[in-house]
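Let's take a walk through this model together, from helix packing to the loops. Please have the viewer open as you read.

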Amino acid sequence: MPENTSPSRPLPWFARPDARAWRCEPAPAEVRAFHFSLPDYAPTPLTELPSLADAWGVGRVFVKDESCRLGLPAFKALGASWAVHRTLAERAANGGEPAPVTLVTATDGNHGRAVARMARRLGQEAHVFVPQGVHPRAVAAIVAEQAKVTEVPGPYDEAVRLAAEAAAAPDTVLVQDTAWPGYEQIPRWIVEGYSTLCAEIDEQLTAEGVSEGPDLVSIPVGVGSLAQAVVTHYRSRPCGHAPALLSVEPETAPCVLESLTLGAPVSVPTGTTTMAGLNCGTPSSIAWPHLRDGLDAAVAVADADSARAAGVLAAAGVSSGPCGAASLAGLRAALTGVGAEERRRALGLGPSSVVVLLSTEGTAANPHSGRAAAC
């Protein structure tokens, strides 16, 4: 793999030395049973990449390939399915009307499509707010799920605000994958839904002879909900091996990196990026405490970095869009260039380390990545 093309340029980086000692409560066990009950559920592949292990001087490298999850080209269906299930079940238990409700959400693409798919399957309506910069083909994919789509001439945070306003109407429910004070229960269910992905990784690594789990997991981050799920999974074990956890964001939207650096959650202005699903300006309120205390490190990468990483994955037979490939790009950036040895030590990587990269979307999820592979 070629070396970083600009090694003298400072890498946007944050590291916290004691994250692996932090502990939290686990996700509920019934999430996995729910996903098992879905007719199209199957674990997504965990593919080994020996060439990356050689290039990085580690023991083994695996990529969790989320290019086809519950019939959609990204991991988001795990959270949306569980959250919609819980939302409708609670509505019925509380005496809600049997008439259809409208599930409202804002999205950079994949979450909105997943909510719209679940609404269609369950006989509900969906209204999806899409911010500026989402590719027209991604918008068309949401429309194809029979959702109403409102395109917002502004960033993701503005789309979230407008979706929340729309959800105040009768017979509507906001199903958003970011939280803020006063709106936290449904985002928490979405995070719980992602725990199935982590449970699959443990089982797949065990089948590969790695019974103690990974030594490092690299996670693409937008508002931080997936990272919260990963932190929860690996930091809820009372004892035993704890991996290093690395978050990766676009340089144009590093809200988690900036928040970690400042020690408090902040909003950042967002720019244009091919990593559309990560183009978020504000961390989720429920994710923030987990990210602050449980992440070992955070890094930000450029679009060109994720494009090169997507090419590496494609050559290995893994369909990955720019967001999914960010996990590879971020770790590669951390392990090359000025300061690489210090960053390697911060991540605890050695010649026998096992690394897992989360590739959260396939090329079909993000038309920016060029030719899209069907799920």
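At what angle do helix H8 and helix H9 pack, and how far apart are their axes?

## Helix H8 against helix H9

Before the answer, one caveat: the model is predicted. Helix H8 covers residues 195-207 and helix H9 covers residues 225-235; the two pack at an angle of about 50°, and their axes are 9 Å apart. Angles from 65 to 115 degrees would count as roughly perpendicular and those under 35 as roughly parallel, so H8 is oblique to H9. Their crossing is right-handed.

## Helix H3 against helix H4

Another helix pair is worth a look. H3 and helix H4 (residues 110-121) have axes 9 Å apart and pack at an angle of about 45°, which makes H3 oblique to H4. This crossing, too, is described as right-handed.

From H3, the residues making the contact are Ala-77, Ala-80, Ser-81 and Val-84. H4 answers with Ala-114, Val-115 and Met-118.

## Two domains

How is the chain divided into domains? The domain assignment gives domain 1, made of 13-74 + 186-359, and domain 2, made of 75-181. Between the C-alpha centres of domain 1 and domain 2 there are 24 Å. Across the boundary, 37 residues of domain 1 are in contact with 32 residues of domain 2.

Which residues surround Val-175, once its neighbours within four places in sequence are left aside? Its contacts are Ala-83, Val-84, Leu-103, Val-104, Thr-105, His-111, Val-115, Tyr-183, Ile-186 and Ile-190.

## Two loop residues with positive phi

Most residues other than glycine have a negative phi. With that in mind, Leu-70 deserves a glance: its phi is near 50°, a positive value in a residue other than glycine. Leu-70 sits in the loop between strand S3 (60-65) and H3. Is Leu-70 buried or exposed? Its relative accessible area is 9%, so Leu-70 is buried.

Asp-171 also has a positive phi, near 55°. You will find Asp-171 in the loop that joins helix H6 (156-166) to strand S7 (172-174). Because its relative accessibility is 43%, Asp-171 counts as partly exposed.

## Gly-317 in its loop

For a last stop, go to the loop between helix H12 (303-315) and helix H13 (322-334), where Gly-317 is found. Its relative accessibility is 63%, so Gly-317 counts as exposed. Gly-317 and Leu-49 are 268 residues apart along the chain, and their C-alpha atoms are separated by 10.0 Å.

Definitions and conventions. Residues are numbered from 1 along each chain as its sequence is written. This is a predicted model: local features need pLDDT of at least 70, side-chain atom pairs count only at pLDDT 80 or more; totals for chains, interfaces and linings use all residues. Side-chain values use heavy atoms; hydrogens and water are left out. Contact means heavy atoms within 4.5 Å. Helices (H or I, at least four residues) and strands (E, at least two) are DSSP runs, numbered from the N terminus. Buried means under 20% relative accessible area, exposed over 50%, partly exposed in between (1.4 Å probe, protein chains only). Axes are lines fitted to C-alpha atoms, for helices over the stretch in contact, and angles run from 0 to 180 degrees between N-to-C directions. Angles under 35 degrees count as roughly parallel, over 145 as roughly antiparallel, 65 to 115 as roughly perpendicular and the rest as oblique. A crossing is left-handed if the near helix is turned anticlockwise from the far one by less than a right angle, and right-handed if clockwise. Domain bounds come from an automatic or database domain assignment.
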